[in-house]
Amino acid sequence: MTALLEFECQVPVGGYEVITDEQPVIHPKDEIFRLLRARSKRTRRFDLFKVSSSAFLEFAQTPLTEDGFKDFADRYGPLDGPPAYGGLIVEWSIHIREMHRTVELWKMSNMTGDFSKVIRDFSKRIRTTVHDLADPHNYPARPAVPVGLFLKKDPLSASARLCIRPHSLVHALWVQLLMAIDGNVNLGACVQCRKWFTLEAGRGRSDKEYCSNACRMRAYRKRKVNG
């Protein structure tokens, strides 16, 4: 029996705005940093694992721009911490680059059948400690993936089920990626927009070429124009 997974996204109503902070908490006071701040204290809440099974791919392909970070936060909330604080722009860039790199390693592993590099890459991440994260000389550090473990009542069988609850959104995204690597999932690349999408064995066509119907229609219109 598989474990239950849950993570509650808390997204501020009205989304985020990008502001300049002259005195961020974890950096020297004479430096200026850009960060995301919620426009409202009200939030909408949903379970990430019920809404999207591949949000990690959206995250890994988020444009490395303030607008790109804001768009993702407006849909899923902050990477870590309370919803009012969306995080430093520089931290968003670091986390996205890390996940993009690991997804590329996974894609290469699927092609070659050799998973040693992606396993080694994540083993380094696991060995990172809280002290490593606190040391500015180690910044940017590779975060581990802390989760909470619980027992919950299965709504169908009434039996006790293991429930895995990541500590933050960025950790939930890593859990999604690890599950995809562990499971019978492959990566495809859309022939129209070149973005990655997941291909699950036994579900849908194995020769799928487009990530969405929108890309399929754009490709169709392009073929009509070109004759």
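Two strands are taken to pair if DSSP finds at least two bridges between them, where strands (E, at least two residues) and helices (H or I, at least four residues) are DSSP runs numbered from the N terminus. In this predicted model, local features need pLDDT of at least 70 and side-chain atom pairs count only at pLDDT 80 or more, whereas totals for chains, interfaces and linings use all residues. Residues are numbered from 1 along each chain as its sequence is written, and side-chain values use heavy atoms, with hydrogens and water left out.

**Overall make-up.** The protein chain contains 8 helices and 10 strands. Of its 227 residues, 37% are buried, a class that means under 20% relative accessible area, with exposed meaning over 50% and partly exposed the range in between (1.4 Å probe, protein chains only). Among contacts with a separation of 6 or more, residues 24 or more positions apart account for 59%, a contact being heavy atoms within 4.5 Å.

**The sheet of E1, E8 and E7.** These 3 strands form an open, mixed sheet in the order E1-E8-E7. Strand E1 (4-5) and E7 stand at the edges with a single partner strand each, so one side of each is left without a neighbour in the sheet. The pairing of E1 with strand E8 (residues 160-166) is parallel and runs over 2 bridges, and Leu-5 has Ile-164 in E8 as its bridge partner. Helix H7 (residues 169-182) lies across E1, E7 and E8 and runs at about 120 degrees to E8, an angle taken between N-to-C directions on a scale from 0 to 180 degrees, with axes fitted to C-alpha atoms.

Strand E7 (residues 147-153) also gives the most to a nonpolar patch, with 3 residues. This surface patch of about 390 Å² is made by Val-147, Leu-149, Leu-151 and Leu-162; patch residues have over 30% relative accessible area and no salt bridge, with like charges joined within 9 Å and nonpolar side chains within 5 Å. Val-147, at 31% relative accessibility, counts as partly exposed.

**Antiparallel pairing.** Strand E3 (residues 16-21) and strand E4 (residues 33-38) pair in the antiparallel sense over 6 bridges, with Ile-19 partnered by Leu-35 in E4. E4 is also paired with strand E6 (residues 85-88), again antiparallel, over 3 bridges, and there Leu-36 stands opposite Gly-87.

**Salt bridges.** The structure holds 11 salt bridges, each defined as a side-chain nitrogen of Lys or Arg within 4 Å of a carboxyl oxygen of Asp or Glu. Three of them are listed here.

| Pair | N to O distance |
|---|---|
| Lys-152 and Glu-6 | 3.0 Å |
| Arg-39 and Glu-17 | 4.0 Å |
| Arg-75 and Asp-71 | 3.3 Å |

Arg-39 lies in the loop between E4 and strand E5 (43-47) and Glu-17 in strand E3, so this pair ties together parts that are 22 residues apart in sequence. Arg-39 is exposed at 51% relative accessible area, whereas Glu-17 is partly exposed at 22%. Lys-152 is partly exposed at 33% relative accessibility, while Glu-6 is buried with a relative accessible area of 17%. Arg-75 and Asp-71, 4 residues apart in helix H3, are separated by about one helical turn.

**Helix H3.** In H3 (residues 66-76), the buried residues include Phe-69, Phe-72 and Tyr-76, and just after the helix Gly-77 takes a positive phi of about 95 degrees.

How values were computed:
Accessible areas come from the Shrake-Rupley method with a 1.4 Å probe; for residues, only the protein chains shown count as cover.
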